[in-house]
Amino acid sequence: MMKALIREPRSLASVMRFQFHDCFVNGCDASLLLDDTPTMLGEKLALANINSLRSYEVVDEVKEALEKVCPGIVSCADIIIMASKDAVALTEGPDWEVKLGRLDSLSASQEASDNVMPSPRANASFLIDLFGKFNLSVKDLVALSGSHSIGQARCFSIMFRLYNQSGTGRPDPVFDPKFRGKLNKLCPLNVDQNVTGDLDATPVVFDNQYFKDLVAGRGFLNSDQTLFTFPETRAFVQLFSRDQHEFFKAFVEGMIKMGDLQVEQQGEVRRNCRVVNSGLPVTPRTCPSV
């Protein structure tokens with residue numbers, strides 16, 4: 001993970017999001033990492049993932065290194081959880097112990113991902129209901145949205161906010177005017193919509209600046225800014241904007257709860273995170289002490 005940070009700082013934000021996009025779809029089982037096959041449409045091309053999730057090669061590199069020293073022991077699902085935690089810690093955020101022992105799924109479902117993962121247009125009410133289905137509280141929702149403390153998002157995700165919010169033909173009135181002007185320059189109407197902008201003012205540092213930006217009307221995504229405009233979530237945004245320790249504490253609690261999401265299904269420890277195992281199973285052996 002440190003090598004990935006040095007090579008491309010943005011990659012850590014991408015890897016950290018894997019936990020969200022994996023665990024919300026049939027539990028934390030690394031189904032997200034499976035490539036399409038002739039008989040299965042995987043999740044990488046789901047609406048929330050295509051042209052958005054990236055840096056899968058970081059997980060590949062981690063898995064390859066682990067398989068050399070203890071083959072068949074560490075699942076891809078556990079790698080996602082550990083790598084997400086490391087991504088936060090390596091960008092000056094909190095560190096915590098993670099639970100291990102997950103198995104990798106034998107299949108993936110693009111449809112399941114499309115049916116679950118929220119749009120950047122989502123409002124707080126929708127997000128509260130969605131997180132509630134996974135026994136995640138309003139506080140969890142706001143704290144976990146703080147994952148957008150690092151990383152970038154595409155112009156594609158905000159064009160409607162800039163030019164046609166709610167079909168009005170006008171920008172979102174919540175925007176801070178100077179911030180909106182900055183985004184108009186970054187994302188004009190004729191822009192390549194894959195151009196990216198920072199999700200907060202400190203995009204390579206995991207901190208509470210994200211919440212300060214929301215209070216100031218400088219949220220990049222609608223699904224972020226709505227957390228301040230919606231009464232049920234506003235108090236937590238204000239709390240985390242004032243107290244980084246409280247944000248870090250709530251974020252860790254939310255990540256641990258999300259990491260516990262599981263469904264009853266068969267599983268395995270994949271040898272390659274992109275494909276299910278075939279042929280004879282690997283003979284397990286204990287990892288050497290380090």
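Tutor: Happy to! First, the term we need: a helix here is a DSSP run of H or I with at least four residues, and helices are numbered from the N terminus. Also keep in mind that this is a predicted model.

Student: Good. Which helix does Glu-67 lie in?

Tutor: Glu-67 is part of helix H3, which covers residues 56-69.

Student: And is Glu-67 buried or exposed?

Tutor: Glu-67 counts as buried, because its relative accessibility is 16% and the cut-off for buried is under 20%.

Student: What does the side chain of Glu-67 reach?

Tutor: The backbone nitrogen of Gly-72, at 3.2 Å. Leaving out residues up to four places away in sequence, Glu-67 touches Gly-72, Arg-270 and Arg-271.

Student: Nice. Where does Ser-75 lie?

Tutor: Ser-75 sits in the loop between H3 and helix H4, the latter being residues 76-89. Its side chain reaches the backbone nitrogen of Asp-78 at 3.0 Å.

Student: Buried or exposed, that Ser-75?

Tutor: Buried, with a relative accessible area of 1%. With residues up to four places away in sequence not counted, Ser-75 touches Arg-102, Leu-103, Asp-104 and Val-269.

Student: Switching to backbone angles: what is phi of Ser-55 near?

Tutor: Phi of Ser-55 is near 70 degrees, a positive value in a residue other than glycine. Ser-55 lies in the loop between helix H2 (10-23) and H3, and at 5% relative accessibility Ser-55 is buried.

Student: What about phi of Asn-135?

Tutor: That one is positive too, near 60 degrees, and again the residue is not glycine. Asn-135 is found in the loop between helix H6 (124-133) and helix H7 (138-145). Asn-135 is exposed, with a relative accessible area of 66%.

Student: Zooming out, how many helices and strands are there in the chain?

Tutor: The chain has 13 helices and two strands. Buried residues make up 50% of its 290 residues.

Student: And why would the radius of gyration agree with a compact globule?

Tutor: Because a compact globule of 290 residues would have a value near 19 Å, and the chain has 19 Å. Along the principal axes, the C-alpha atoms fill a box of roughly 60 × 40 × 35 Å.

Student: Last one: how far apart are the mean positions of the positive and negative charges?

Tutor: They are 5 Å apart, for 31 positive and 36 negative charges. As for the surface, the chain exposes about 13,900 Å², with carbon and sulfur atoms supplying 54% of it.

Technical notes:
Residues are numbered from 1 along each chain as its sequence is written. This is a predicted model: local features need pLDDT of at least 70, side-chain atom pairs count only at pLDDT 80 or more; totals for chains, interfaces and linings use all residues. Side-chain values use heavy atoms; hydrogens and water are left out. Buried means under 20% relative accessible area, exposed over 50%, partly exposed in between (1.4 Å probe, protein chains only). A polar contact is a pair of N or O atoms within 3.5 Å; within protein, one must be able to donate a hydrogen and the other to accept it, and residues adjacent in sequence count only if both atoms are side-chain atoms. Contact means heavy atoms within 4.5 Å. The radius of gyration is taken over C-alpha atoms; the globule rule is 2.2 Å times the number of residues to the power 0.38. Accessible areas come from the Shrake-Rupley method with a 1.4 Å probe; for residues, only the protein chains shown count as cover. Lys and Arg count as positive and Asp and Glu as negative; His and the chain ends are not counted. The place of a charge is taken as NZ of Lys, CZ of Arg, CG of Asp or CD of Glu.
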